[in-house]
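Hi there,

Here is the structure I promised to pass on to you. My notes on what turned up follow below it.

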Amino acid sequence: MTGAVDPIRLAQALARHALSGAGWRERLGAALADLGTALGLIRIAVEQGGAAIATWQARAASDDESGAWFAVAVASGGAPWGRVTTVRAEPLTEAERGLVSLLAALIETGIAAEAAGDGLGEAMRRAMVDSSPDGVIVIDEDGAAMEFNRSAGVIFGVARQDA
């Protein structure tokens, strides 16, 4: 390992970036900087669809990124999503590869949290509309009722399914 890096402390530092929760992308740059600096990397990037969504480099960009490359796949729901790639003058040790793999696993958990959060937000919105004592009706541009809560049914004397 480059320098005297404690892999347990570095793993704890990665965990503190909360990449396993929704909004993980906003915290990704700081996590890459911590990992890149600690491991003495030339470059570390998170890529999706062939494009980097976040990158950290030890020095100004150059064409000379010779050295040992290491990549870890990132999946979403069992399907390929992207990858984490690193470059360093010398190959990563097994412990260092484990830390990069931990980063990929945290990102996978963050992707899942965002997907669950989107569904949870819709479920909460639906619960609030349904439980509102006020009548809530949402009509689209063609005049079809998109939302019609229970209170609207009581107010207008129309069953929800008939609206």
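The largest nonpolar core holds 26 residues, and L28, L32, L35, I44, V84, L103 and I107 have the most contacts inside it. Such a core is a set of buried Ala, Val, Leu, Ile, Met, Phe, Trp, Tyr and Cys residues joined through side-chain atoms within 4.5 Å; buried means under 20% relative accessible area (1.4 Å probe, protein chains only). Seven of the core residues come from α3, the largest share. Helices (H or I, at least four residues) and strands (E, at least two) are DSSP runs, numbered from the N terminus.

Please keep in mind that this is a predicted model, where local features need pLDDT of at least 70 and side-chain atom pairs count only at pLDDT 80 or more, while totals for chains, interfaces and linings use all residues. Residues are numbered from 1 along each chain as its sequence is written, and side-chain values use heavy atoms, with hydrogens and water left out.

Next, helix α2. Its buried residues are W24, L28, A31, L32, L35, G36 and L39. The helix has a kink of about 25 degrees centred on A30 (the bend is the angle between axes fitted to the seven residues ending there and the seven starting there). Just after α2, G40 takes a positive phi of about 65 degrees.

Finally, I44: leaving aside neighbours within four places in sequence, I44 is in contact (heavy atoms within 4.5 Å) with L32, L35, G36, A54, T55, W56, V84, T85, T86 and L103. W24 and W81 are both buried.

Enjoy looking around!

Key. Buried means under 20% relative accessible area, exposed over 50%, partly exposed in between (1.4 Å probe, protein chains only).
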